[in-house]
Amino acid sequence: MKKLLKLLFNRVVLVGVPIMIQLFALVTVIWRFNNYFIYFYVFCTFLSVLALLRILSGKTNPAYKIGWIIPIMLFPLFGGLVYLMFGDYKLSKRSKKKVHIIQNTMNQSLSQNEVVINKIQIRDKNAANQSRYIKSYSYCPVYQNTTSEYLTPGERMYERLLEELKKAERYIFLEYFLIKEGLMWSAILDILVEKAGQGVDIRVMYDDVGCLLTLPSGYAKQLERMGIKCCVFNPFIPVLSTRVNNRDHRKIAVIDGYTAFTGGLNLADEYINAYARHGHWKDSAIMLQGEASWSFTVMFLSLWNSQKKTSEDYEQYKPASRPAKVFVCDGYVQPFSDTPLDDESLGETVYLNLINTAERYVYINTPYLILDNVMMTALCSAAKRSVDIRIVTPHIPDKWFVHAVTQANYDVLVESGVKIYEYTPGFVHSKSLAVDDEFAVVGTINLDYRSLYLHFECGVWLYQTQSVLEVKEDFLKTLELCQPITIEDCRTVKWYKRLGRSILRVLAPLM
């Protein structure tokens, strides 16, 4: 009986049943109009035509347009209706206001030290231009007086995170796409509860869809009772709507404003290999200590206040003065955030700027390789001009259909000279890019449509830091555990697999 009650009150059941009822109601309405089918058909066809015109006139990515145009033309009776319910991403006035508030807050709270950007300009005009672009569209400046430490695998990041959490004196801000009860979260939660008892301001923000299967209903209230302030990002409402698409995929930890973490790791046991889900889990993160951590503090607070509909004086969260040796200058560090609620694909452009200006090599770790034409062209063109392009993807996938799309892109890339490797021990979840011993990016951004166009994301752009070389060294060590994908491998794929991958590739923007 207890098991039955637990199943009935499972959160997936509670949100799934209303959605099924809505689908049943929709089918019932269509069936009831059977006697007026010709009128219904004309009406739905008219909706499909309107949807096609809206898609064609929009500013969205061409691949995304194709992904919707094909099913609408194949199924005109339902295609237009489905698009208007799930595919139309035009912002409401409320969403536009929210974007403006976040951007305005970021812009007012973060300012660029012109001395720093001028130093970069003297060293490398291209680097300065990239940095200016990030500042213009994410409002986050570039810093010196910051040390960066590349952390891999996840176990190492976990150890460093626990160490820094224990040192907190003023506040701890955690923002994660996924939190799962287990060894990792229990150890972190124990520290948070202890620190909350000491008067430290503890805040946790998690994505509701990301935690749909990992946290019980009402978990935010449980944390509040422990003295931990909690915010659930974009709470999932069981209504057929596009609202569910925009998720908070960021992973941010900020301690006292002078230490910050970001990267691929969520707070769940598989990320530290305490639980073998898809073989060995390869992940990475970056830890910043110094001035650049302030950008992550502002990122967190701006989204927190936007969700909570509150207003705070950010100046009270500025880090207290620390010994100068903590802020050892280690090249140039620029955190950045990317929002889906504007017309700027910042994360993709940061990657493209680095790929298009690379002279020697580009090394990429990514769990998914679902590319639009612009990214595909950039990678192939770089390889054709003799830049050493190498990409590591998983050998053991977490989602078979997504991995099939990843593999569907191998042919064109390998034929153009891009070197593809699959990580044979398991799953690669690391999102990193290293270029020419000069640049690197470590963050939360996957090479897929959801990360590049639909999710809130973040990362760190690194220039001439020691961590750039650490990213490169880790990549080369990872290659020793990988199997290369050859042109023969691509050509010997069975015809039915090739057909299935081609279909999935066309529909990839909708996944």
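Is Cys140 buried or exposed? Cys140 is buried, at 0% relative accessibility, where buried means under 20% relative accessible area, exposed over 50% and partly exposed in between, with a 1.4 Å probe and protein chains only. This is a predicted model, in which local features need pLDDT of at least 70, side-chain atom pairs count only at pLDDT 80 or more, and totals for chains, interfaces and linings use all residues. Residues are numbered from 1 along each chain as its sequence is written, and side-chain values use heavy atoms, with hydrogens and water left out.

**The chain as a whole**

- The chain has 20 helices and 17 strands; helices (H or I, at least four residues) and strands (E, at least two) are DSSP runs, numbered from the N terminus.
- Of its 511 residues, 54% count as buried.
- The accessible surface comes to about 23,200 Å², and 59% of that belongs to carbon and sulfur atoms; these areas come from the Shrake-Rupley method with a 1.4 Å probe, and for residues only the protein chains shown count as cover.
- If you look at contacts (heavy atoms within 4.5 Å) between residues at least 6 apart in sequence, 81% join residues at least 24 apart.

**Cysteines**

- A search of the whole structure finds zero disulfides, a disulfide being a pair of cysteine sulfur atoms within 2.5 Å.
- For Cys140, the closest cysteine sulfur is in Cys458, and at 9.6 Å this is too far for a bond.
- Cys380 also counts as buried, with 6% relative accessibility.

**The largest nonpolar core**

- A nonpolar core is a set of buried Ala, Val, Leu, Ile, Met, Phe, Trp, Tyr and Cys residues joined through side-chain atoms within 4.5 Å.
- The largest such core has 51 residues, and Trp185 and Ile188 touch the most other members.
- At least two residues of this core come from each of these elements: the helices α9 (154-166), α10 (183-197), α11 (219-225) and α15 (400-408), and the strands β2 (171-176), β3 (201-207), β5 (251-255) and β8 (285-290).
- Helix α10 supplies the largest share of the core, seven residues.
- Leaving aside neighbours within four places in sequence, Ile188 is in contact with Tyr158, Leu161, Leu162, Leu165, Leu174 and Leu267.

**A nonpolar patch on the surface**

- Ile66, Ile70, Leu74, Phe75 and Val506 form a nonpolar patch on the surface, with about 460 Å² of accessible area together.
- Patches are made of residues with over 30% relative accessible area and no salt bridge; like charges are joined within 9 Å, and nonpolar side chains (Val, Leu, Ile, Met, Phe, Trp, Tyr) within 5 Å.
- Helix α4 (residues 62-74) gives the most to this patch, with three residues.
- Phe75 lies in the loop between α4 and α5 (76-87), and counts as exposed because its relative accessibility is 53%.

**Salt bridges**

- Side chains of opposite charge can pair when their charged atoms come close.
- A salt bridge here is a side-chain nitrogen of Lys or Arg within 4 Å of a carboxyl oxygen of Asp or Glu, and by this rule the count comes to 21.
- Glu164 and Lys167 form one of them, with their closest N and O atoms 3.2 Å apart; Glu164 is buried at 3% relative accessibility, whereas Lys167 is partly exposed at 44%.
- These two residues also belong to a network of salt bridges that links Glu149, Arg156, Arg160, Glu163, Glu164 and Lys167.
- Arg277 forms a salt bridge with Glu270, again with the closest N and O atoms 3.2 Å apart; Arg277 counts as partly exposed at 43%, while Glu270 is buried at 2%.
- The side chains of Asp388 and Lys419 meet in a salt bridge of 3.2 Å, N to O.
- This pair links distant parts of the chain, with Asp388 in strand β11 (residues 388-394) and Lys419 in strand β12 (residues 419-423), 31 residues apart.
- Asp388 is buried, with a relative accessible area of 16%, and Lys419 is partly exposed, with 35%.

**Thr393 and its surroundings**

- Thr393 is in strand β11 and is buried, with a relative accessible area of 0%.
- Not counting residues up to four places away in sequence, Thr393 touches Thr366, Leu369, Thr406, Tyr410, Tyr421, Glu422, Tyr423 and Val428.
- Thr393 and Pro367 are 26 residues apart in sequence, and their C-alpha atoms are 5.4 Å apart in space.
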